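Trainee: I'd like to learn how to read a fold like this one. Could you take me through it feature by feature?

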Amino acid sequence: MTVHPSLQPSIDAWTHSIEAITELVTSLAEGEWNKATCLPGWSVRDVVSHVIGLECEMLGDPRPIHTLPRDLYHVRTESARRMEVQVDVRRHHTAPEMLSELEYTVIRRSRQLRNESRQPDAVVRSPLGEERSLEFVLQQRAFDLWAHEQDLRRALDRPGNLDSPGAQVTRDLLVKVLPTVVAKRTQAPAGSAVVFDVSGALEFLRTVRIDTQGKATIDGSVSLGPTVTFALDWDVFHQLACGRVRPSAVAEQIKIDGDRELAEAILNNFAVTP
């Protein structure tokens, strides 16, 4: 076995989600590929195109040479333009063409991951154009795949896998950025303690504490007299953190105790993906 043990959970999560995505779309009629998702401007076909494109980049395939149309209202940043190329180049592909490319890409990528012999700290280039450790990039790919699996499930009304290996990788990554959300993006005052009490398919409790210097730490212990407590379902938590819904759209599904103004500021800074 060549894969480093610390990389295996991300590879397992990736495998679980890519197989779930393949199963979701294999039986779709041609028209169902055009169903809108919660991602602005992207259909089911577009989400699958994005998945294929980024996995091809992980394989080292050259990026398509393609000029984007000027009327794509949802493409507003250079990062979005980079993502859109892999999507737009496939916009007129038929269902059989999409399935064939997806299957071939999964076969190639699975073989690459099975034979991965690099160390977790090896520096690689991510599909976002960043130089990061192999361990982080594999976690990022597992997270991205699971999030898009959920996008497809919502669009196709086929919920599931909210506690899958991909969901667990996603939870761990989202929890890691909570201190940044609370301290840096929201600038919660020194001495604050913000509790996230998450229920549902994945249950967890985390407390972000801001010390007298404004530095944030996070742990799983209960806080006495927290400044703010959020109680919400895991499905709502990850959709907020992934920018899939606005706080106002799920306000009735979030119980807030404590400083209301600070709570609203945190929710308005909660999305950590573009």
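This is a predicted model: local features need pLDDT of at least 70, side-chain atom pairs count only at pLDDT 80 or more; totals for chains, interfaces and linings use all residues.

Trainee: Which residues of H5 and H8 make the contact?

Mentor: From H5 you have Trp146, Gln150 and Arg154, and from H8 there are Trp234, His238 and Gln239. Sorted by class, that contact of H5 with H8 holds two nonpolar, three polar and one charged. The crossing of H5 and H8 is left-handed.

Trainee: Now the other helix pair. At what angle do H1 and H2 cross?

Mentor: Roughly 145°, with the axes coming within 12 Å. H1 also passes H2 in a left-handed crossing. On the H1 side the contact uses Trp14, Ile18, Ile21 and Val25, and on the H2 side Val44, Val48, Val51 and Glu55. By class, the contact of H1 with H2 has seven nonpolar residues, no polar ones and one charged.

Trainee: What about the loop between H1 and H2? Is Ser43 buried or exposed?

Mentor: For that call, buried means under 20% relative accessible area. Ser43 has 11%, so it is buried. Ser43 sits in the loop between helix H1 (8-26) and helix H2 (44-58). Leave out its neighbours within four places in sequence, and Ser43 is in contact with Trp33, Asn34, Lys35, Ala36 and Thr37.

Trainee: And how does Pro64 count at 25% relative accessibility?

Mentor: Pro64 counts as partly exposed. Pro64 lies in the loop between H2 and helix H3 (78-88). Not counting residues up to four places away in sequence, Pro64 touches Val85, Gln86 and Val89.

Trainee: On to the strands. How do I read a sheet?

Mentor: The general idea is that strands of a sheet pair through backbone hydrogen bonds, either parallel or antiparallel. Here you have an open sheet of five strands in the order E5-E4-E3-E6-E7, with mixed pairing. Strand E5 (216-219) and strand E7 (254-258) stand at the edges with a single partner strand each, so one side of each has no neighbour in the sheet. From one strand to the next, the twist averages 15°.

Trainee: Which way does E3 run against E4, and which way against E6?

Mentor: E3 and strand E4 (residues 204-210) run antiparallel, joined by six bridges. E3 and strand E6 (residues 228-233) run parallel, again with six bridges. To find your place, look for Phe196 opposite Arg206 in E4 and Val194 opposite Val228 in E6. Another bridge partner in E6 is Asp233, which goes with Ser199.

Trainee: What should I look at in the hairpin of E3 and E4?

Mentor: Four residues lie between the strands, and Gly200 takes a positive phi near 100°. Strand E3 (residues 193-199) itself is mostly covered, with five of its seven residues buried.

Trainee: Which strands does helix H7 lie across?

Mentor: Helix H7 (residues 178-185) lies across E3, E4 and E5, running at about 30° to E4.

Note on methods
Residues are numbered from 1 along each chain as its sequence is written. Side-chain values use heavy atoms; hydrogens and water are left out. Buried means under 20% relative accessible area, exposed over 50%, partly exposed in between (1.4 Å probe, protein chains only). Helices (H or I, at least four residues) and strands (E, at least two) are DSSP runs, numbered from the N terminus. Two strands pair if DSSP finds at least two bridges between them. Contact means heavy atoms within 4.5 Å. A crossing is left-handed if the near helix is turned anticlockwise from the far one by less than a right angle, and right-handed if clockwise. Ala, Val, Leu, Ile, Met, Phe, Trp, Tyr, Cys and Pro count as nonpolar, Asp, Glu, Lys and Arg as charged, and the others, Gly among them, as polar. Axes are lines fitted to C-alpha atoms, for helices over the stretch in contact, and angles run from 0 to 180 degrees between N-to-C directions.
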